[in-house]
Amino acid sequence: MSYTPAPPSLEGACHCGAVRLTLPAAPDEALSCNCSLCRRSGGIWAFYAFGTVAIQGHPGNTEEYIWGDRTLRNVRCRTCGIVTHWEPLDRTPGARHGVNLRNFEPALVDALVVRRFDGAETWTFLD
Ligand SMILES: [Zn+2]
């Protein structure tokens with residue numbers, strides 16, 4: 001008999017569980033970025049259309065950080081400090097929205113190719 005492991009859960013949470021995210025589908029691709037912010041948080045990012053990821057505990061349990069050209073709100077848990085996602089300041093449905101896959105089961109990331117993105121300088125992929 002062949003054994004098919006259960007697919008990784010699409011539900012994730014920050015370390016303390018105050019912020020919970022549910023993806024609409026498993027990501028096909030993810031990236032790690034070397035910009036001044038991402039290299040510090042160490043996030044692995046997947047992208048979805050804004051409004052398609054269900055997020056509980058936000059904004060009630062979150063804090064935000066806005067920098068640079070002020071297009072994004074970087075969101076972290078108010079209690080445990082873990083970066084969960086970023087969202088566009090212009091909250092147009094369908095706008096791009098980033099989710100930190102580090103908040104999900106490791107198997108979700110293990111199944112992906114994580115591409116290296118040069119957000120620090122060229123805004124191109126390094127691989
Ligand atoms: Zn937390």
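Student: Where does Trp123 lie?

Tutor: Trp123 lies in the segment after β10 (114-117); strands here are DSSP runs of E with at least two residues, helices are runs of H or I with at least four, and both are numbered from the N terminus. Please keep in mind that this is a predicted model, in which local features need pLDDT of at least 70, side-chain atom pairs count only at pLDDT 80 or more, and totals for chains, interfaces and linings use all residues. Residues are numbered from 1 along each chain as its sequence is written, while side-chain values use heavy atoms, with hydrogens and water left out.

Student: Does Trp123 count as buried or exposed?

Tutor: A residue is called buried under 20% relative accessible area, exposed over 50%, and partly exposed in between, using a 1.4 Å probe and protein chains only. Trp123 has 62% relative accessibility and therefore counts as exposed. Its phi is near 55°, a positive value in a residue other than glycine.

Student: What is the phi of Arg70?

Tutor: Arg70, which is not a glycine, has a positive phi of about 55°. This residue lies in the loop between β6 (62-65) and β7, and at 53% relative accessibility Arg70 counts as exposed.

Student: Which peptide bond is cis?

Tutor: The bond from His58 to Pro59 is cis, with omega near 10°, and Pro59 belongs to the loop between β5 (54-56) and β6.

Student: Which residues coordinate the zinc ion?

Tutor: To find the donors, one takes N, O and S atoms within 2.8 Å of the metal (3.2 Å for Na, K and Ca), remembering that water is not among the atoms, so sites may look incomplete. In this model the SG atoms of Cys14, Cys16, Cys77 and Cys80 coordinate the zinc ion at 2.3 to 2.4 Å, and along the chain these donors follow the spacing C-x1-C-x60-C-x2-C. Cys14 sits in the loop between β1 (11-13) and β2 (20-22), whereas Cys77 is in strand β7 (residues 72-77), so this pair ties together parts that are 63 residues apart in sequence. Both Cys14 and Cys77 are buried.

Student: What is the geometry of the site of the zinc ion, given its four donor atoms?

Tutor: Four donors count as tetrahedral if all angles lie between 85 and 135 degrees. Here the angles run from 103 to 119°, and the site is tetrahedral.

Student: How many bridges join β7 to β8?

Tutor: Two strands are said to pair if DSSP finds at least two bridges between them. Five bridges join β7 to β8, and the two run antiparallel; Leu72, for instance, has Pro88 in β8 as its bridge partner. The hairpin of β7 and β8 has five residues between its strands, and within this hairpin Gly81 takes a positive phi near 80°. On to the next pairing: β8 and strand β9 (residues 96-100) also run antiparallel, joined by two bridges, and His85 stands opposite Val99 in β9. Five of the six residues of strand β8 (residues 83-88) are buried, so β8 is largely enclosed by the rest of the structure.

Student: Where is Asn103 found, and which residues is Asn103 in contact with?

Tutor: Asn103 is found in the loop between β9 and α2, and it is buried, with a relative accessible area of 10%. Contact means heavy atoms within 4.5 Å, and, leaving aside neighbours within four places in sequence, Asn103 is in contact with Gly12, Ala13, Cys14, Ile82, Val83 and Thr84.

Student: Which residues of the largest nonpolar core touch the most other members?

Tutor: A nonpolar core is a set of buried Ala, Val, Leu, Ile, Met, Phe, Trp, Tyr and Cys residues joined through side-chain atoms within 4.5 Å. The largest such core has 13 residues, of which Leu23, Tyr48, Val53, Val99, Leu101 and Phe104 touch the most other members, and β4 (45-49) and α2 (106-110) each supply at least two of its residues. There is also a second, separate core of seven residues, including Leu31, Cys35, Trp86 and Phe117.

Note on methods. Tetrahedral: all angles 85-135°; square planar, octahedral: opposite > 155°, others 65-115°.
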